[in-house]
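Subject: Structure for your files

Hello,

Here is the structure we spoke about. Please look it over alongside the notes that follow.

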Amino acid sequence: MGKVVLVTGVARQLGGRFVRRVQREPGVDRVIAVDAVAPEHDLGDARFVRADIRQSALARILAEYAVDTVVHLDVSGKALGAGGRTTVKETNVIGTMQLLGACQKSPTVRRLVVKSSTSVYGSASRDPAVFTETTPPKSLPSGGFAKDAVEVEGYVRGFARRRPDVAVCVLRFANILGPRPDSPLADYLSLPVLPTVFGYDPRLQFVHEDDVIDVLGIAAGEPRRGTLNSGTFNIAGDGVLLLSQCSRRLGKPTVPVLLPAVTWVGSALRTIGMTDFSPEQIRLLTHGRVVSTVQMRETLGFRPAFTTAETFAEFARGRGPGLLPPETVGRVVDRLAELPLPGGAGPRERGSGAVQTTDGAR
């Protein structure tokens with residue numbers, strides 16, 4: 001690993017945890033922690049520099065500390081404090097542009113790690129069953145954090161062409177959950193009643209916070225024997241969960257909403273400040289998304305400690321009991337699934353066309 005590591009987005013819990021972790025890596029002499037907001041958590045022996053990555057101060061910081069490894073974690077779908085969507089977009093896109101511009105001019109930078117998201121694939125009815133890193137999206141995200149991630153990756157690819165001497169690693173994380181998640185999807189799952197899209201039961205993947213920290217450590221260090229940590233990698237826990245399974249495990253009832261009315265429901269939720277129910281999140285909760293993690297295992301050499309189901313269980317324990325016992329929710333859903341469809345058709349097929357994770361589904 002490089003002797004001097006700069007980490008952005010350290011005011012968030014994820015960034016703070018990685019800063020404390022990377023200090024323990026052998027060969028790391030100094031960690032520079034950067035954010036526009038002073039963190040409320042401990043950063044260990046790291047040097048905190050209060051700076052807005054949307055400004056031009058990053059070039060001075062890279063030069064002053066002779067930084068050779070940059071870990072860019074300040075790419076998020078949710079603002080800190082009272083910041084709104086405009087602030088988030090500016091930090092994600094303009095902040096990344098400024099950071100890459102500073103890295104391009106720095107003669108000492110040798111490695112760049114960027115936190116991205118599987119949301120770059122979008123969510124559409126014509127999507128393949130599983131996305132690989134090279135699968136083009138059927139429908140590019142049109143807004144929200146997903147569009148930010150697409151733009152960020154575009155700028156990173158341009159930087160990699162201009163600085164071929166820098167090892168660049170882009171990590172596309174599935175939805176990050178755990179005991180203390182900070183994301184729009186976690187806000188949605190924390191609602192007392194979950195609005196869902198009528199007639200759809202999307203497949204979802206999750207990755208645990210601990211696994212995120214571990215894989216960031218692998219990406220920021222020198223590649224281990226037989227592995228390569230330069231390139232783009234999907235990062236997710238094994239298996240999938242249906243949204244209906246998630247609601248059962250949380251013990252929360254769902255309210256199916258007809259697709260034309262979903263946008264109105266999302267606007268209402270945003271108005272009262274409960275969650276960022278963006279159009280891209282609505283598409284995810286309609287069509288779902290599953291990605292391949294073959295390259296994560298075979299090329300990057302990383303195996304998550306938590307499966308998707310285990311990650312969600314950690315999240316559910318951190319949220320406490322829901323309105324209804326999970327067993328009750330499961331029985332009701334099962335009975336509804338056994339009812340005949342209109343027109344005399346047979347009972348509904350649960351998870352039709354989906355890869356199911358049946359262990360402990362109720």
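Neighbours within four places in sequence left aside, T232 is in contact with E133, V170 and R172, where contact means heavy atoms within 4.5 Å. This is a predicted model, in which local features need pLDDT of at least 70, side-chain atom pairs count only at pLDDT 80 or more, and totals for chains, interfaces and linings use all residues. Residues are numbered from 1 along each chain as its sequence is written, and side-chain values use heavy atoms, with hydrogens and water left out.

T232 sits in strand β11; helices (H or I, at least four residues) and strands (E, at least two) are DSSP runs, numbered from the N terminus. T232 counts as partly exposed because its relative accessibility is 30%; buried means under 20% relative accessible area, exposed over 50%, and partly exposed in between (1.4 Å probe, protein chains only).

Beyond four places in sequence, the contacts of N234 include E133, R172 and S292.

**A129**

A129 is in the loop between β5 (111-117) and α4 (144-162). Residues up to four places away not counted, A129 touches R203 and V290. A129 and S292 are 163 residues apart in sequence, but 9.7 Å apart in space, C-alpha to C-alpha.

**Helices α1 and α6**

The axes of α1 (residues 13-22) and α6 (residues 209-220) come within 10 Å and cross at roughly 50°. Axes are lines fitted to C-alpha atoms, for helices over the stretch in contact, and angles run from 0 to 180 degrees between N-to-C directions. That angle makes α1 oblique to α6; angles under 35 degrees count as roughly parallel, over 145 as roughly antiparallel, 65 to 115 as roughly perpendicular and the rest as oblique. On the α1 side, L14, R17, F18 and R21 meet residues of α6 including E209, V212, I213 and L216.

Regards
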